Amino acid sequence: MLMYDLLQKYFGYTSFYPLQEDIIKEVLEHRDVFVLMPTGSGKSLCYQLPALLFSGVTIVVSPLIALMKDQVDGLLANGIPATFINSSLSYHEIDTRRQQLSNHEIKILYVAPERLLMSEFLEFVQGLKVSLFAIDESHCISEWGHDFRPEYRQLKILKEIFPHIPVIALTATATQVVQDDIIRQLKLSRCKVFRASFNRKNLYYQIKPKQEPLRQILQYLEGQRKDSGIIYCQSRKAVENLASGLQKKGYRALPYHAGLTAEVRTEHQERFIRDDVEIIVATIAFGMGIDKPNVRYVIHYDLPKSIEGYYQETGRAGRDGLPSECILFFSYADKFKIEHFIQQKKDENEKQIAYRQLRELITYCESNVCRRKLLLAYFGETFEGPNCGGCDVCLEPKERFDGTIAAQKILSCVYRTGERFGINYIVEVLLGTRNQKVLQNQHDTLKTYGVGKEYSRLQWQSFIRELIQFGYLRLDGDEYPILKLHEKSRPVLLGNEKVSLIKPEEKLPVQKTEEYEAYDHTLFERLRTLRKTLADQEGVPPYIIFHDTSLKEMTTYYPQSLLDLRKISGVGDQKLMKHGKVFIKEIADYCEQHHIMPKQIAQEHSESPVKQTKYSTVQTTLGLYQQRLSIHEIAQKRGLALSTIVSHLEKLILNGESISIDGMVNSEKQNHIREVLNKFGMDRLTPVKEKLGDGYSYEEIRLVRVKMMCESGRK
Ligand code: ADP
Ligand code: ZN
């Protein structure tokens, strides 16, 4: 079968993401390949699709045991025979799976390296026909990477034991050094390197001054109560506080940090993945092992450690390609906290690295240059174009005003209080509050006391931050940073220099979505509920049923027949048969209630390469059918199996060709097959065949089934 056929049939997609096709072609040529692409760019497909074409099994090595079950469930839901073997299984289960492997019933096997490399298991693998090794998260092999795992080191013997089996190594994180190291360690020979852009187009980057973070977060969350998100904090204590703060406000939020037991952590992660809770508040320990596609926002409550860390953490948002937000709350107090922390480090080298990372991050936060441009520059990529359309700098340009007077008030207040206080104190004096400390220091007698009532507390804080950025003020000290004047302050105080500041406005954060996500939100909620019910029944995460992308497309086009549903991205044949009917019914009911007509699914879908390539062979079958040949004759004439001809007919029928099966299955048989299909469901044929007995062939059942699929939508 052709690549595009498989892509549609098993994955429900009509086109490849960038590089996927080239990589797959290379893999199909049995060559070693190294793939460096960011999260969400579709790396898995690069070995999953070839696996379907290879005659043997593809073995995927992954360090993330917790993830294997979900990955395999995802493949099974698409009708791909996959399994995993790891320590979570009983001896008996492992034995059964090994049996399946020996019987060639499995196309994709997931294992952890420590399992694969057990000598007994290696022997077993040597007895299998292995077509490909895929090494996922391959940066774990390198000590230079940020996630070195000793078990990975041993993978170097793979090439010694299996010199002729190609290897595809994949990672989302690698500097040049790590890349070279991976290739050397795995002994990949003359391997082609594929490197995708690190630009995550669907992520919206913004930096907010950290003023009253809890209130700011609550305000933000108000707009997305039902979306999934991750909030990163620096310390366990902050995690606990924020999680309980959100719970008190009625949010379903759970903490995640190294202080919790492994069981609790797994449970919380699981509940997040299954959409039982929307929010995970976590230290950076969270995220490595999750594949959740619909994380709609990642918030950094505290400063991340480095730009690289920030990129990885924000990268967990929007894996499914839908618009998602990354918000970082920045304050100088946090910067000082981290500096203080770094100072305590013993190792001089480590200290220097940490300082450098912090400096880079602060530059990023303070900058007025497009965030995307800076992030990509960090990975050695240049972002072309004046406006990225996806960051606060580009989309929320700040209006400025002559802020000289406000600046003078601040500077003179700092001066009069003796350059001994921090930001908040200065603001209290400007506002003229009856603050205990202010009164004790008799600063209520100063000329600047209470001269700043025209702006709010938040506003003064951000003016001060700006003055720091522009060098009119500086922060000094470790734990309690205090404001000091600078040589640049003088001319301002004397009235010789004007200062332009960002115009005050206390507006809500810009809400992304609405504009470019013109889907039906009410229906989306209904489908989401339906999906959750089905997922819970099956004990799988909701995204295994359908991704958000698919649901959103459904609520854009309102497909009401299986025929149309099949055109929705992510709806492969297996899912179409298994869940198609229920979803169409939900959509149809909704449309009836609201008098909505289905929309034509965008042309690009029907004219995509799928349809074009597929048709060369399928079209030949159609031609022969139209010449009134029987399916047996067609099969014979073309030298193809009967089942292949039937799959052509299935496609033709699903694509709306008028094809009658009456000449192929007599009406008595048809009725009987219908009865049994109605009872057993359409997704699995074996029980249906067993029930019907020897008098009925799989081909006959399939033909009746595809007819039923088309009717059910049309009624
Ligand atoms: P990665 O492993 O690189 O992080 P995944 O393999 O998890 O990426 O894929 C990211 C998302 O993109 C998944 O939701 C996947 O289903 C989807 N996807 C992958 N390839 C395609 C494609 N060709 N068309 C549409 N969606 C795709
Ligand atoms: Zn930008």
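In which helix does Leu374 lie?

Analyst: This is a predicted model, in which local features need pLDDT of at least 70 and side-chain atom pairs count only at pLDDT 80 or more, while totals for chains, interfaces and linings use all residues. Residues are numbered from 1 along each chain as its sequence is written, chains are lettered from A and ligands numbered from 1 in the order in which they are written, and side-chain values use heavy atoms, leaving out hydrogens and water.

Leu374 belongs to helix H17, which spans residues 371-378; helices (H or I, at least four residues) and strands (E, at least two) are DSSP runs, numbered from the N terminus. Because its relative accessibility is 27%, Leu374 counts as partly exposed, a class between buried (under 20% relative accessible area) and exposed (over 50%), using a 1.4 Å probe and protein chains only. Leaving aside neighbours within four places in sequence, Leu374 is in contact with Tyr364, Ser367 and Val369, where contact means heavy atoms within 4.5 Å. Tyr364 is 10 residues from Leu374 along the chain, and their C-alpha atoms are separated by 7.0 Å.

S15 runs antiparallel to strand S16 (residues 482-485), with 4 bridges joining them; two strands pair if DSSP finds at least two bridges between them. Within S16, Lys484 is the bridge partner of Arg474.
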